Amino acid sequence: MKEPLVPVIPMSHTAHIRSHRKPRRSATSSIALRAGVAGGVLSMTAAGASASANAAEPVTQTIELPTLTADMSAQVAQSAAATQQAAANYELRAERDAAAAEAAAEAKKDLAEAKEKAEAKKKAAEAARKAAAERANRSTERATLSASASTSASTSVSAPSSGSVATVIAFLKAQVGDAYVMGATGPNAWDCSSLVQAAYKQVGVDLPRVSQDQSMAGTDVPLSSVQVGDILYWGGKGSAYHVGVYIGNGQYLDAANPSKGVVIQDLSGYPASGAVRVL
């Protein structure tokens with residue numbers, strides 16, 4: 001079967017190349033484009049006029065600036081308050097430190113004073129204890145001497161031929177100004193009987209230690225006939241409480257008392273009870 005014949009149509013030699021020309025717009029499209037452009041221009045013009053009108057109006061109110069100013073003021077005030085508080089805290093600490101230092105110094109001073117007072121009290125107590133012990137020893141010694149003296153109603157005292165009243169008086173006058181201390185036996189402090197005993201010991205005469213026994217020594221002498229070097233006593237014979245030595249011219253020398261010490265006194269101001277002669 002034969003195929004049908006297809007008619008052949010002759011073509012231009014440039015018919016297969018695409019044309020570079022832009023297709024023409026239709027009249028309707030051109031009119032629409034021009035209308036749109038015109039509308040846009042009018043819109044821009046209106047917007048510009050509106051912006052110019054708004055720019056011409058004066059600004060009477062702002063929103064952000066007051067808010068920012070208030071915040072800054074609050075921050076400044078807060079910072080100032082913090083600085084002031086820090087300064088106050090520093091000053092308070094300084095005051096507390098100063099008060100603590102002062103309190104520590106005061107406590108140290110009080111402690112030193114307390115220690116000093118305690119030490120003084122301790123020394124006073126020790127001195128009182130020693131004084132009491134010395135008094136006890138003297139009392140024992142006196143009791144022993146009194147017991148020995150009671151074995152004889154009278155004590156015979158013999159003065160050596162070399163004895164000298166002048167030596168006794170010279171020794172006594174050399175002690176004027178020394179202190180009176182009960183129980184003391186020299187060389188710078190005496191009681192009444194220790195001074196008399198030491199004076200006569202200078203010439204080899206041994207007298208008893210206490211005034212009671214010294215009033216029993218030697219030979220009794222009337223006060224009207226008393227001579228230099230005689231022993232004067234106050235109180236009863238054998239129970240005398242004080243002794244001294246007559247030095248002439250109505251005067252005697254003795255270890256009087258703690259306030260006077262060893263002194264020279266007038267016999268008229270303090271008359272003796274009796275006298276004995278041992279030289």
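View 1. Strands pair if DSSP finds at least two bridges between them, and both helices (H or I, at least four residues) and strands (E, at least two) are DSSP runs numbered from the N terminus. The model shown in every view is predicted: local features need pLDDT of at least 70 and side-chain atom pairs count only at pLDDT 80 or more, whereas totals for chains, interfaces and linings use all residues. Residues are numbered from 1 along each chain as its sequence is written, and side-chain values use heavy atoms, with hydrogens and water left out.

View 2. Strands of a sheet pair through backbone hydrogen bonds, either parallel or antiparallel. Strand 3 and strand 8 (residues 274-277) run antiparallel and are joined by three bridges. Thr 219 has Arg 277 of strand 8 as its bridge partner, and Val 221 has Ala 275. Strand 4 also pairs with strand 8 in the antiparallel sense, over three bridges; here Ile 231 stands opposite Val 276 of strand 8.

View 3. Contact means heavy atoms within 4.5 Å; axes are lines fitted to C-alpha atoms, for helices over the stretch in contact, and angles run from 0 to 180 degrees between N-to-C directions.

**View 4. The contact of helix 3 with helix 4.** Helix 3 (residues 165-174) and helix 4 (residues 192-201) pack with their axes 8 Å apart, at an angle of about 135°. The two helices are therefore oblique to each other, a class left over once angles under 35 degrees (roughly parallel), over 145 (roughly antiparallel) and 65 to 115 (roughly perpendicular) are set aside. From helix 3, Val 168, Phe 171 and Leu 172 meet Leu 195, Ala 198, Ala 199 and Tyr 200 of helix 4. By class, this contact has seven nonpolar, no polar and no charged residues; Ala, Val, Leu, Ile, Met, Phe, Trp, Tyr, Cys and Pro count as nonpolar, Asp, Glu, Lys and Arg as charged, and the others, Gly among them, as polar.

**View 5. The salt bridge of Asp 191 with Arg 209****.** The closest N and O atoms of this pair are 3.0 Å apart. Asp 191 lies in the loop between strand 2 (189-190) and helix 4, and Arg 209 in the loop between helix 4 and helix 5 (211-214), so the pair ties together parts that are 18 residues apart in sequence. The structure holds three salt bridges, each a side-chain nitrogen of Lys or Arg within 4 Å of a carboxyl oxygen of Asp or Glu.
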